[in-house]
Amino acid sequence: MARPRIKAITPTHNDFLLDSGFIAVLNLAMGSQMSSTPEVNLWPSTEHALEYLRRADSIPHRVEGEATLLEFVPAEARRILDLGSGGGRLLSLVKAAWPGASYVALDFSPTMVETLRKLFAAQSSVTVVAHDLDEKLPAMGQFDAVISSFAIHHLVHERKRSLYKEIFELLAPQGVFCNLEHVSSRSPLLHAGFLEAISCADEDPSNKLLDLETQLTWLREIGFVDVDCHWKWRELALFAGVKPPASQN
Ligand SMILES: C[S@@+](CC[C@H](N)C(=O)[O-])C[C@H]1O[C@@H](n2cnc3c(N)ncnc32)[C@H](O)[C@@H]1O
C-alpha cells in the first residue's frame with residue numbers, strides 16, 4: 001500500500017499562515033473563511049482512494065454541479081484536460097458529450113492512475129498522465145478546456161493560486177477553466193451542517209478548504225474573464241473563467 005504523504009514541517013511564513021488559530025484571526029480580520037490541514041495528503045494511499053471510489057457516486061447534489069459544468073465547456077472544444085481525475089467519473093461524462101475530442105486525465109494516486117488506465121484502455125483519445133499537482137504541470141500542449149472536480153482543494157492555498165496561473169497559460173484563447181470544487185463554509189456552524197448533510201463523520205485531513213470569493217478574485221487577477229460561480233450547494237461549487245481572445249491578452 002502506498003504510504004500517506006505527511007511532509008515534515010519546518011516553520012516558515014506559509015506554515016504560520018496555515019495554522020488554524022492564526023487562520024481564525026485572519027478570518028475575523030478579513031471576513032474570509034479558510035481551513036487547512038497543512039502538508040497532509042492521504043490520496044496516495046490505496047485504501048483512501050478505494051474508500052472514495054466506493055462512495056463517489058453517492059455525494060449529494062454532485063450531478064447538478066457536473067451538469068452545470070457541461071454547460072460551460074465550449075461546444076467546439078477539441079482538447080480537454082481533467083486535473084485530479086480519480087476514477088474518471090467527470091471525464092467519462094464530458095467524453096460522452098464531446099466524443100470527438102481528445103483528453104488528458106491527470107492524477108498522482110497509483111490506484112487512480114491504474115483505474116483510469118483500465119477504464120480508458122481501449123480509447124485512444126484518452127491519455128493518462130501520472131503527476132503530482134504540487135509540482136508544476138508538465139508540458140502537455142494547449143487545451144480548449146481544463147476541468148476538475150473535487151481535487152484542487154487538496155493543494156495548499158499558495159499552490160492553488162499558482163496552479164490557476166499555469167492553467168491560464170495552458171489554455172488556448174477563449175479556452176475555459178471549469179472547477180467543480182469543495183470550498184470552505186462561511187462559519188463553523190455552516191461547515192458542521194455541510195458535514196451532516198453529506199453524512200460525513202470523518203473529515204478528510206487532506207482537505208485544505210478555501211473560500212469561493214478568494215478563488216474567484218484570484219482567477220480575475222490572473223486574467224480570466226467572465227469569472228463566476230455558476231452553481232453552489234453548501235460547500236460544493238462550480239466556478240469558471242474564460243481566457244480572453246488573443247487580441248486582448
Ligand atoms: C475527491 S477525489 C475526486 C476525483 C474525481 N475528480 C471525481 O470527481 O470523482 C480527489 C482526487 O484528487 C487527486 N489528488 C489529490 N491531490 C493530488 C495531487 N497533489 N496531485 C494529483 N492529484 C491529486 C486524488 O488522487 C483523487 O483522485
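These legends describe close-up views of a predicted model of a protein chain with a ligand. Residues are numbered from 1 along each chain as its sequence is written. In this predicted model, local features need pLDDT of at least 70 and side-chain atom pairs count only at pLDDT 80 or more, while totals for chains, interfaces and linings use all residues.

**View A. The protein chain as a whole.** Nine helices and nine strands make up its elements; these are DSSP runs numbered from the N terminus, helices being H or I of at least four residues and strands E of at least two. Of the 249 residues, 35% are buried, meaning that 20 or more other C-beta atoms, placed from the backbone, lie within 10 Å of the residue's own.

View B. Seven strands with mixed pairing follow the order 5-4-3-6-7-9-8; two strands pair if DSSP finds at least two bridges between them. Strand 5 (126–130) and strand 8 (225–233) each have a single partner strand, so one side of each has no neighbour in the sheet.

**View C. Strands 3 and 6.** Strand 3 (residues 79–83) runs parallel to strand 6 (residues 143–149), and four bridges join them. Leu83 stands opposite Ser148 in strand 6.

View D. The ligand is surrounded by 22 residues, the closest being Gly84, Gly86, Ser109, Leu133 and Ser149; a residue counts as near if its C-beta atom, placed from the backbone, lies within 6 Å. The shell holds ten nonpolar, eight polar and four charged residues. Ala, Val, Leu, Ile, Met, Phe, Trp, Tyr, Cys and Pro count as nonpolar, Asp, Glu, Lys and Arg as charged, and the others, Gly among them, as polar.

Conventions
A residue is buried if 20 or more other C-beta atoms lie within 10 Å of its own, exposed if 12 or fewer, and partly exposed in between; C-beta atoms are placed from the backbone.
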